[in-house]
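Let's walk through a protein model together, one question at a time. Keep the picture open while you read.

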Amino acid sequence: MSSSVDATSTSLAEDLQDLQLDRPAKGLKSVEELEKLTVDEHLSDIERSVYLLSSGQEVQRISVIHNLPDLLRDTESHDECMRRVVPKVREVLHLAQTDMQLAATSAFLQILQKNLVPIQNYSQTFLQTILNSVDSKDPDVASAWLDTLLDVIDLLPKEVIKKEILGSAISKGQLAQSVQSRLACCRILGKISTKFEPFVIKKEILPVVQSLCQDVDYEVRGCMCRQLDCVARGLGLEATKSAILPELVELTNDEECHVRIAGLETVVNILSLLDAETCGTTIIPLVCKICQQAVQAEDATLPVVATQLGKLCHGIADNLTDEQKQWFIDFYKKLCHVGLEKNKESDLTDIFELEDKLVECRKNSAFNFPAMVLFCGAKQFKPDLHVTFTHLCKDPHFMVRKTISGGFHEVCKLLGNSANLIQSDLVALLKDESIEVLKGVVSNMPAILDCYMSSGSNHTVSESKSGPLSDIIPAFLASENAVFTSNNWRLQEMLMNNLSCLNKCYSSENIYNKVIPILRQKLLKARALPVKVAAARSLLKLTRKVKKREQRDEIFHGLIHEFCHARKCYLRNVFVDICRIVIELYSKKFFKETFYEYLLELHTDSVPNIRLNLCSILPDLKRLLILPTDRGLLQQLDACVRKLLVAEKDKDVTDGVQSALEELDKIHIPMQSMTRRNLFEQDLEDQKKEEEEKLLLDNEEKEMKKEEEAAEKKKGDKRNLVSAKKGSENGSSSKIPGPRKGSRAGLSGSNSTTKNDNKPISPNTKGAGTSNNKLVKSKSINCLSQIPRRDGKDLSKTKIVSPAPTPGKSPGNKVQVNSNISKASTGDSNINKKRVSSPKLSRLPLYNSNPNLHPGRPSSPSLIPIKASTTSSTNKTIKATRGSGIPAPGSAGTRRASVPTISTSRRGSLSGQLPTEVTPKAKGSNGALTPSIKERKKSR
């Protein structure tokens, strides 16, 4: 056992020794290598470049070639560089490695693009090097130099091209040259064909072109076939019909698939050049033949045909008969279904290869579906292409569904009012399990919804339950579950951003109940920060469309509670980003009233990253302020910055505060008077936002008033119906029905009823029997008009007698009430009920339920103050009442009156309610308190 342990430890030690963790990395240079790379500092740029090109390392030579445009840009060293450095560069390139060759291709092109060298000098030096390097044996180097030559041709004048390049290109196209040279010749001839006149092309270039089209190598034939488009445009229509079209027809029938594909692509590109006669007699039969051969062979040409069919049909649409047009539509439908039938029995490898080609064919057909809709027209979509579109949306391969979902919005635009036909297909794509399919639909959802909104269904979901949006929007919201199960945070961000488009087609209630909860959840639980920011932006955009103020306030309070006051630091950090979006979308006034102070609270946060993020938004806060209105907010901002400067210990936060302070010093706070005169563009935008917010509040108030009026009207109708029913029950015994319990109607003989009789009574009362105590100001001028009345009833016919106190017989002194009230128990039954349920108060002294036992102090705030602007008779009554206080029973001036004078203080609520106790509780002969009228009523 011990021997095995020793062997294990020995092998471990050997492995650690082999690692050699302390050895230097291979990338470091030795001392000898560093000496070789060292150059004298006193050398000039030209001398250093020549030295490095002569005896420097490979990396140093590449550095010199990269800096060659900079050397030529310097006017002082330009001539010396052309005389000493450029020849050295051309000499080094003959034996240079690939990296140096690629660096030279980029440097030579930049020199011509920036006009650092005259054209004549460039053609004698750099152009010759490019032409020689095109024939390099290294295919990568040769391809790089050829691409550089083609770019240079676009910048060179016609004379230089004809003199320096044309002859070299023709010589490369001879049959004796290598395949690589002939391929280069094809590309060069196609590039220079647009530079010369037709007669020069016909004389110099066309023979070589025809020879290359008949070349023995299929790559050369295919390469030259792709350049026939450029040659035809240089020749013109007549020469093309006589010289190019015969070659093109022959190439499309070539035995090699590569050449046939090139021929089909050239036919599509040359369509705009040909006339109607040529298209009808040559091109259309040729295209039909190519399509039939592709379907029969099922080779590599089939996906190319599916790719080019859209352009092809669009190019020849004006020259097709109805029968030919229907043929192309049927052929397209066949391409969309190809491969869905059961495969023939063959080798397993062949089956997989064929399946890939057929899937690619259906995918390319799905890509061309918008072009085919344009080809057949929106009116013929339902009979011709609707079924095919449904099949593509339900294709078994996700790549086909992904392609059709990416072009769904284009199909909707082309269909216009007929977009409802593909509603079910859109719902199916939104319910797809593949994330790639959902990506195509979700990314274009705003455009799709706009199409449905403008296609005759210009209403929200709540207004039309059976409309197309009632199925599409729930499916769109349900796609969130599949999107957030993946790790594609970019798709999640896109979905959150696109949810804001629902404000055009979703009602306010639906937005608040269905969309905003999703956004709030993702704002809290999404992992990627861009997703949270996107959710916050959409949430704030949609909140502007919520009509009810209570709902908007709940959202904003939720943001403050869940983020600003959150326990998790990353949520508090998100609050700063939310405030940035609020500043962008809402008015300055709204932000200052809602978020300003909460945002500044974060300067005391314990996490440095939050304080650092806060520093970046401080300049934006100062831009919101206007003096002198926001002087207090400016002081809070200054105090926050001052505290951060003094107390901050974190280095990064300190640097952030310093940079924010520098920007704050540059910001000038405008005065309010100046902003009224000179409104800048930002001020106009802010004013527009503020007006929208005010309009939203005004609309909400109007709707609330309408609802209240409708409710009051309904309640009044119901009340009138009940009173009429009671009147019919009383019959002839009493034509004037007595007031119901708790009724606010006035007495039958009252002439001072108000408009508010039918309004509901405010529940802001105290005690058990005080539900109907709202004060209504009397309209009569002859009575005590300034004393508030209860419930709008006529109180002018009730008299109050205040007897003079009798000294020495205090216990017998009582407050005398008019006989109309004292005999309430024996009077007329109707009048009795009225007086018991609501005693008349207009001429009664107003007693306080909490008597003032100290005349030097103000009485309890239970009574409404009497206004000074009353009539003369009213003033006299008030003064008499205030001057003579009624002494309490049994007191001869020794005890203070238990009945207070009229109080000048206001009671509790803004409505000014009177106490429900009308008469004071006086002591009887046995010393017990006599109950008031209200208490007697209550006991009954």
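Q: How many disulfides does the structure hold?
A: A disulfide is a covalent bond between the sulfur atoms of two cysteines. Here it is counted as a pair of cysteine sulfur atoms within 2.5 Å. By that cut-off, the number of disulfides in the structure is zero.

Q: Before we go on, what kind of model is this?
A: Residues are numbered from 1 along each chain as its sequence is written, and side-chain values use heavy atoms, with hydrogens and water left out. Local features need pLDDT of at least 70, side-chain atom pairs count only at pLDDT 80 or more, and totals for chains, interfaces and linings use all residues, since the model is predicted.

Q: How far is the sulfur of Cys-640 from the closest cysteine sulfur?
A: Cys-640 counts as buried, with a relative accessible area of 2%. The closest cysteine sulfur to its own belongs to Cys-615, and the gap is too far for a bond. The distance is 7.6 Å.

Q: How many helices and strands does the protein chain have?
A: Both are DSSP runs numbered from the N terminus: helices are H or I with at least four residues, and strands are E with at least two. Counted like that, the protein chain has two strands and 46 helices.

Q: How are α31 and α33 oriented to each other?
A: Two packed helices are described by the angle between their axes and the distance between the axes. Axes are lines fitted to C-alpha atoms, for helices over the stretch in contact, and angles run from 0 to 180 degrees between N-to-C directions. Helix α31 (residues 489–498) and α33 have axes 8 Å apart, at an angle of about 5 degrees. Angles under 35 degrees count as roughly parallel, over 145 as roughly antiparallel, 65 to 115 as roughly perpendicular and the rest as oblique, so α31 and α33 are roughly parallel.

Q: Which residues of α31 make the contact with α33?
A: Contact means heavy atoms within 4.5 Å. On the α33 side, Pro-530, Val-531, Ala-534, Ala-535, Arg-537 and Ser-538 take part. Their partners in α31 are Trp-489, Gln-492, Glu-493, Met-496 and Asn-497.

Q: Is Arg-544 buried or exposed?
A: Arg-544 lies in the loop between α33 (529–543) and α34 (549–564). Residues it touches, not counting those up to four places away in sequence, include Leu-585, Tyr-586 and Lys-689. Its relative accessibility is 18%, so Arg-544 counts as buried.

Terms used: Buried means under 20% relative accessible area, exposed over 50%, partly exposed in between (1.4 Å probe, protein chains only).
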